[in-house]
Amino acid sequence: MNISIESENKKNIISVSGRIDTLTAGELEETVLPLISETHPSIQLNCESVDYISSSGLRVFILADKKSQQFNGTVTIVGLSEFLKEIFDVSGLTPLFEFV
């Protein structure tokens with residue numbers, strides 16, 4: 001998994017590529033959660049190049065959403081493939097996020 005970060009206005013844009021699974025979810029969590037704060041309450045996760053996401057990866061998205069809500073922010077997920085979007089749908093997580 002590779003992660004890159006850009007900042008735009010009060011939103012951090014995190015681009016993720018590769019697999020988000022048990023082996024990589026911890027790294028994603030350690031990168032994403034500290035980026036959500038009172039001054040940067042919203043994040044955008046660019047997932048165009050994500051091949052796979054496990055339940056451990058979904059957990060990171062949920063944690064990011066909870067932390068973002070504490071500061072009245074949002075988590076926007078960009079470029080998710082239909083297959084991965086279906087994982088969010090089946091898991092019942094779709095209503096938590098904005099998908100673009």
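**Strand pairing and overall form of the predicted model**

In strand E4, Ile77 is the bridge partner of Leu45. The model described here is predicted. The pairing that contains this bridge joins E4 to strand E3, which covers residues 42-53. E3 and E4 run in the parallel sense and are linked over four bridges.

Strand E4 itself comprises residues 75-78. Val75 and Ile77 point to one side of the strand, whereas Thr76 and Val78 point the other way. In a regular strand, side chains alternate between the two faces of the sheet. In E4, the residues on both sides are buried: Val75 and Ile77 in one direction, and Thr76 and Val78 in the other.

The protein as a whole contains three helices and five strands. Read from the N terminus, these elements follow the order β-β-α-β-α-β-α-β. Among contacts with a separation of 6 or more, 67% are made by residues 24 or more positions apart.

The overall dimensions were examined next. The C-alpha trace spans about 35 × 25 × 20 Å along its principal axes. The radius of gyration is 12 Å, which agrees with a compact globule, because a globule of 100 residues would have a value near 13 Å.

Of the 100 residues, 43% count as buried. The protein exposes about 5,500 Å², of which carbon and sulfur atoms supply 48%.

Key. Residues are numbered from 1 along each chain as its sequence is written. This is a predicted model: local features need pLDDT of at least 70, side-chain atom pairs count only at pLDDT 80 or more; totals for chains, interfaces and linings use all residues. Side-chain values use heavy atoms; hydrogens and water are left out. Helices (H or I, at least four residues) and strands (E, at least two) are DSSP runs, numbered from the N terminus. The radius of gyration is taken over C-alpha atoms; the globule rule is 2.2 Å times the number of residues to the power 0.38. Buried means under 20% relative accessible area, exposed over 50%, partly exposed in between (1.4 Å probe, protein chains only). Contact means heavy atoms within 4.5 Å. Accessible areas come from the Shrake-Rupley method with a 1.4 Å probe; for residues, only the protein chains shown count as cover. Two strands pair if DSSP finds at least two bridges between them.
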